[in-house]
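Subject: The structure I promised you

Hi,

Here is the structure we talked about, with the sequence alongside. Have a look around first, then read on for what turned up.

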Amino acid sequence: FDVPIDKKEFAWQPTGKWQKRVPQAEHMLKVGQKAPNFTITTPSGAKLSLDKALAGKKGLLLNFWFVSCKPCREEFPLLQAMFPGLNEQGFGYLSVDQGDSPSAVAKFIEENKYTFPVGMNGTRKSDIVAKYGVPGYPTNFIIGPDRTILARFAGLDVEELKTSIKK
């Protein structure tokens, strides 16, 4: 498998359906846009919505991830460490898993003793990853109390995340 492949031999082109399912960074919601509301299900079956998570809050950190994503797993302990302080400052946090089974997510959360709210991405009309144009993982949005996107990050940048939350 270490043999180079000539570009002429590799002619696969993504179909329109594939391109819609894997949004590019330019489709990621932009700062200043309104974040779409959504309702998702936790691994245990409870419902979480963006509007409820924002109720009475100064803002919210919305995180997109999946269990086998190494940068996501590196980010989670840092987010867990930030979570109590965010709550005390009136700031919410909501994490959305992409593509894992509810049992895999529940096991990961339980084994690592994470205490922040986690929901499962939906499909079709309730596909939040597509609605937000998530280009990769982890991706984070900071959302104001009126659902305006205040900041966005594709990838792990904890210092920039902390700086944006303080603003």
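Let's start with the sulfurs: Cys69 and Cys72 are joined by a disulfide, with 2.4 Å from S to S. Keep in mind as you read that this is a predicted model. The count of disulfides comes to 1. The link between Cys69 and Cys72 is right-handed, with 75 degrees about the S-S bond. Are these two cysteines buried or exposed? Cys69 has a relative accessible area of 4%, so it is buried. Cys72 is at 1% relative accessibility and therefore counts as buried too.

As a rule, nonpolar side chains in soluble globular proteins tend to be buried together. In this model the largest nonpolar core has 22 residues, and the ones with the most contacts inside it are Trp65, Phe76, Tyr93, Val105, Phe108, Ile109 and Phe116. Which parts of the chain supply at least two residues each? They are strand 3, helix 3 (70–88), strand 4 (91–97), helix 4 (102–112), strand 5 (118–120) and strand 7 (149–154). Helix 3 gives the largest share of this core, with 6 residues. Apart from this core lies another one, of 20 residues, which includes Ala35, Phe64, Leu94 and Ile149.

Now for the rings. The count of aromatic pairs comes to 15. One of them is Phe64 with Phe141, an edge-to-face pair with 6.1 Å from centre to centre and 80 degrees between the planes. Phe64 sits in strand 3 and Phe141 in strand 6 (residues 139–143), so this pair ties together parts that are 77 residues apart in sequence. Phe64 and Phe141 are both buried.

Another pair to find is Tyr93 with Phe116. Why does this pair count as edge-to-face? The ring planes of Tyr93 and Phe116 are at 85 degrees, and the cut-off for edge-to-face is over 60. Their ring centres are 4.7 Å apart. Tyr93 belongs to strand 4, while Phe116 is in the loop between helix 4 and strand 5, so the pair ties together parts that are 23 residues apart in sequence. Tyr93 is buried, with a relative accessible area of 4%, and Phe116 is buried with 4% as well. Ring pairs also link Tyr93 and Phe116 into a cluster with Trp65, Phe76, Phe83, Phe108 and Tyr114.

Who else does Tyr93 touch? Leaving aside neighbours within four places in sequence, Tyr93 is in contact with Leu60, Leu61, Asn63, Phe76, Leu79, Phe83, Phe116 and Pro117.

That list brings us to Asn63, which is in strand 3 (residues 59–65). How buried is Asn63? Its relative accessible area is 0%, so Asn63 counts as buried. The side chain of Asn63 makes a polar contact of 2.7 Å with the side chain of Asn140. Not counting residues up to four places away in sequence, Asn63 touches Glu75, Phe76, Leu79, Tyr93, Leu94, Ser95, Val96, Pro138, Thr139 and Asn140.

One last stop is Phe91, in strand 4. Phe91 is at 8% relative accessibility, so it counts as buried. The C-alpha atoms of Phe91 and Gly56 are 9.0 Å apart, although these residues are separated by 35 residues along the chain.

Happy exploring!

Terms used. Residues numbered from 1 in each chain as written. Predicted model: local features only at pLDDT ≥ 70, side-chain atom pairs only at ≥ 80, totals over all residues. Heavy atoms only, no water. Helix = DSSP H or I, 4+ residues; strand = E, 2+ residues; numbered from the N terminus. Buried < 20%, exposed > 50% of the residue type's maximum accessible area, 1.4 Å probe, protein only. Polar contact = N/O pair within 3.5 Å; in protein donor to acceptor, adjacent residues only side chain to side chain. Contact = heavy atoms within 4.5 Å. Core = buried A, V, L, I, M, F, W, Y, C linked by side-chain atoms within 4.5 Å. Phe/Tyr/Trp six-rings, centres within 6.5 Å; stacked < 30°, edge-to-face > 60°. Disulfide = S-S within 2.5 Å.
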